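Thanks for coming, everyone. I have one structure to walk through, and I'll keep it quick.

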Amino acid sequence: MAGFIHVSSTQFPVAFMSATKRSFRRASVIRCAANPPKKRYTIAVLPGDGVGNEVIPVAVDVLCLAGSLEGIDFSFKELPIGGVALDLVGVPLPDETLTRAKQSDAVLLGAVGWYCITVTFIPNCFSSPYHICMLDSSQLRAALQVFANLRPITVLPQLVDSTYLRKDTAEGVDLLIIRELTGGIYNAHPRGFTTNEQGDEVGFCTESYSASEVDHIARVAFDIAKQRRGKLCSVDKATILEGSMLWRKRVTAMAASEYPEVEVSHLLIDTAAMDLVRHPRQFDTILTGVMFGDILSDLAAMIPGSVGLLPSAALGDSGPGIFEPVHGSAPKHYGKDTVNPMAAVLSAAMLLRYGLKEENAAKRIEEAVSDVLDRGFRTRDIHTCGTTLVGCKRMGEEILRSLDASCKKL
């Protein structure tokens, strides 16, 4: 029985070159399906800029096949964002894109930021307002009211030789960083520019967290820690920052009153950064604020050996979550078929697990990725002696082949 796939594109003033049109056709003729469709979901697909247009088609193919094996019917709405949207309608986040995204069950995002780097594609970019030319996914996050960022850091046994750390340090690492997105120093007020009494220009911002903001993200972290190995490390700077002092107070109180079964520890941000590279296996679930999470998640990204391996999710209380690889648009690599699609593929697995609560389909994707690595296929960023070097498209084909093989074993 064939998979069930519906595709539509939004009408924009000028032609919108679909990054996934060919991919959708390819997926639509997949023969294997373990079950007839029982559940139906709408996915907003935002390939964005640069290599997002290479990795997202792979992720969509994999999502389609994994879903069909579990009787899931997907309807995909492909929409422009970032530099592509700026070219089309003059803004990086069009109202139509935002409306369709809000109406979806989940958002699969590729990358934005191409035009922030390669401005030669928009000659008048620097004459436009700064916020028009620069876009990151924070604008989409704010619009969809997501507040919890999940960044898994896992060293797969097949890739332990690719890590930037010593093999005996990185082996077995499996941790999850949960970062608050909507409060803290990135979002609090007052902020801005002024001039002091000496006539010097001053830039200032506010580090602030409320009790409700801390409780909001902490409850997410505690619930996830319970489902993992029951360990939660909260990271702050409570020795000097009042916002962190409140953060630690609220996390400690919640642990005692609501989650006595979770083992809770507290680390200062500088100590946590050292321990992430010195002894990363001690961590299971890490909870922290917006700025410290930004720093720690990028630091931890180097443990597996490549950002091309790392997925992420941004979740809210309701409405669609955003699922995206952590790498950027990478204009230097665009069009060369050299990028690693695994981060996007594993983001699709997170979409299934956290966005749609489809655990079996998520596990199928993760097992297929593991099988491809077992068979020795590697993209350039993780290639080592004795393995087979392949490009983005070939890696996608091999992941589909592994999924198809798992179907035939049923």
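Why does Val 62 count as buried? Because its relative accessibility is 0%, and the cut-off for buried is under 20%. One caution before I go on: this is a predicted model.

Let me place that residue. Val 62 sits in helix α2, residues 52-69. Set aside neighbours within four places in sequence, and Val 62 is in contact with Val 345, Ile 365, Ile 399, Leu 400 and Leu 403. Val 62 and Ala 368 are 306 residues apart along the chain, yet their C-alpha atoms are separated by 9.4 Å.

Now the whole chain, briefly. We have 410 residues, and 54% of them are buried. The chain has 15 helices and 15 strands. Take the contacts between residues at least 6 apart in sequence: 77% of these join residues at least 24 apart.

First packing: α2 on α13, where α13 is residues 342-355. The axes are 8 Å apart, and the angle is about 45°. That angle makes α2 oblique to α13. The crossing of α2 past α13 is right-handed. Who makes the contact? From α2, it is Val 55, Val 58, Ala 59, Val 62 and Leu 63. From α13, it is Ala 344, Val 345, Ala 348 and Leu 352. By class, this contact counts 9 nonpolar residues, no polar and no charged.

Stay on the α13 side for a moment. Is Ala 348 buried or exposed? Ala 348 is buried, because its relative accessible area is 0%. Ala 348 lies in α13. Not counting residues up to four places away in sequence, Ala 348 touches Ala 59, Leu 63 and Ile 365.

Val 62, Ala 66 and Leu 69 of α2 meet Ala 361, Arg 364 and Ile 365 of α14. The class count for this contact is 5 nonpolar, no polar and 1 charged. Note that Val 62 takes part in the contact with α13 and in the contact with α14.

Start with α12, residues 290-300. Which of its residues are buried? They are Val 290, Phe 292, Gly 293, Leu 296, Ser 297 and Ala 300. These residues cover an arc of only 150° around the axis, so they are on the same side of α12. What covers them? The cover includes strands β5 (148-154), β6 (174-180), β9 (231-236) and β11 (285-288). It also includes helices α10 (242-257) and α11 (269-278).

Then α4, residues 95-103. Its buried residues are Thr 97, Leu 98 and Ala 101. Seen down the axis, they fall within an arc of 95°, so they line one face of α4. On the other side of α4, Asp 95 and Gln 103 are exposed. The cover over the buried residues includes β2 (39-48), β4 (106-111) and α7 (138-144).

For background, most residues other than glycine have a negative phi, and most peptide bonds are trans.

Which peptide bond is cis? The one from His 189 to Pro 190, with omega near 10°. Pro 190 is in the loop between β6 and β7 (192-195).

Now positive phi. Asp 337 has phi near 55°, and it is not a glycine. Asp 337 is in the loop between β13 (321-325) and α13. Its relative accessible area is 30%, so Asp 337 is partly exposed.

Lys 357 also has a positive phi, near 60°. Lys 357 is in the loop between α13 and α14 (359-374). Is Lys 357 buried or exposed? Exposed, because its relative accessible area is 63%.

That's the tour. Over to you for discussion.

Terms used: Residues are numbered from 1 along each chain as its sequence is written. This is a predicted model: local features need pLDDT of at least 70, side-chain atom pairs count only at pLDDT 80 or more; totals for chains, interfaces and linings use all residues. Side-chain values use heavy atoms; hydrogens and water are left out. Buried means under 20% relative accessible area, exposed over 50%, partly exposed in between (1.4 Å probe, protein chains only). Helices (H or I, at least four residues) and strands (E, at least two) are DSSP runs, numbered from the N terminus. The arc is that of the directions from the helix axis to the C-beta atoms. Contact means heavy atoms within 4.5 Å. Axes are lines fitted to C-alpha atoms, for helices over the stretch in contact, and angles run from 0 to 180 degrees between N-to-C directions. Angles under 35 degrees count as roughly parallel, over 145 as roughly antiparallel, 65 to 115 as roughly perpendicular and the rest as oblique. A crossing is left-handed if the near helix is turned anticlockwise from the far one by less than a right angle, and right-handed if clockwise. Ala, Val, Leu, Ile, Met, Phe, Trp, Tyr, Cys and Pro count as nonpolar, Asp, Glu, Lys and Arg as charged, and the others, Gly among them, as polar.
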